[in-house]
Amino acid sequence: MSVKFKPSTVDGRLQDVFGAPVADLYETATSADASAAVARALELRSFLALAEEQVARVRDRVHDATAPDRDMSELSADDLRMDSQWLEAALDARDGYRAALDDLLRTMPPPGQQHRPVQLTQHKATTTLPPAVAALAPQRAGAARARRP
């Protein structure tokens, strides 16, 4: 299953911020005029969706191993210890991706300003030489000299 079809806990927020469903945002992100904010937000969302899937897998595995109808002799402290470490790593990743996405959404420009190109202006400075300095300059200053035979 493609990551764009995996649910994540931030899908509703992304839809509110960008004004489109997540699947449509993925389509928009591949176009030439996509904003950097959309592309970065979806990249973080993809990582988050994978981290959340990892959290769910480990949680489900622990629940299955500790289910009341399971045989107690099948329970392994080593397996649970490993699952605990894996769960901790997955939760750390999830929290990091959520924090990064929150920072991005908080600091990005408002949606109306995302596609506005930057316009630079160059100021021209013009000066005139005082008559005394202008008189000292040769008549054809900067002109190419004629070759002598």
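Tutor: From the N terminus on, the elements of the protein chain run α-α-α-α-α, which amounts to 5 helices and 0 strands. The model is a predicted one. Of the 149 residues in the protein chain, 21% count as buried. The accessible surface of the chain is about 11,600 Å², and carbon and sulfur atoms account for 54% of that surface. Among contacts between residues at least 6 apart in sequence, 72% join residues at least 24 apart.

Now the core. The largest nonpolar core has 17 residues, and those with the most contacts inside it are Leu14, Phe18, Leu25, Ala41, Leu101 and Leu105. Two or more residues of this core come from each of helix H1 (11-18), helix H2 (22-29), H3 and helix H4 (77-107). H3 gives the most, with 6 residues.

Leucine 101 shows how such contacts are made up. Leaving aside residues up to four places away in sequence, leucine 101 touches Val10, Leu14, Ala41 and Leu44. Two of these partners, Leu14 and Ala41, are themselves listed with leucine 101 among the core residues with the most contacts.

Helix H3, residues 36-65, also holds glutamate 43. Is glutamate 43 buried, exposed or partly exposed? Glutamate 43 counts as partly exposed because its relative accessibility is 45%, and that class lies between the limits of 20% for buried and 50% for exposed. The C-alpha atom of glutamate 43 is separated by 9.5 Å from that of tyrosine 26, with the two residues 17 apart along the chain.

How values were computed:
Residues numbered from 1 in each chain as written. Predicted model: local features only at pLDDT ≥ 70, side-chain atom pairs only at ≥ 80, totals over all residues. Heavy atoms only, no water. Helix = DSSP H or I, 4+ residues; strand = E, 2+ residues; numbered from the N terminus. Buried < 20%, exposed > 50% of the residue type's maximum accessible area, 1.4 Å probe, protein only. Contact = heavy atoms within 4.5 Å. Areas by Shrake-Rupley, 256 points an atom, 1.4 Å probe, with all protein chains shown as cover. Core = buried A, V, L, I, M, F, W, Y, C linked by side-chain atoms within 4.5 Å.
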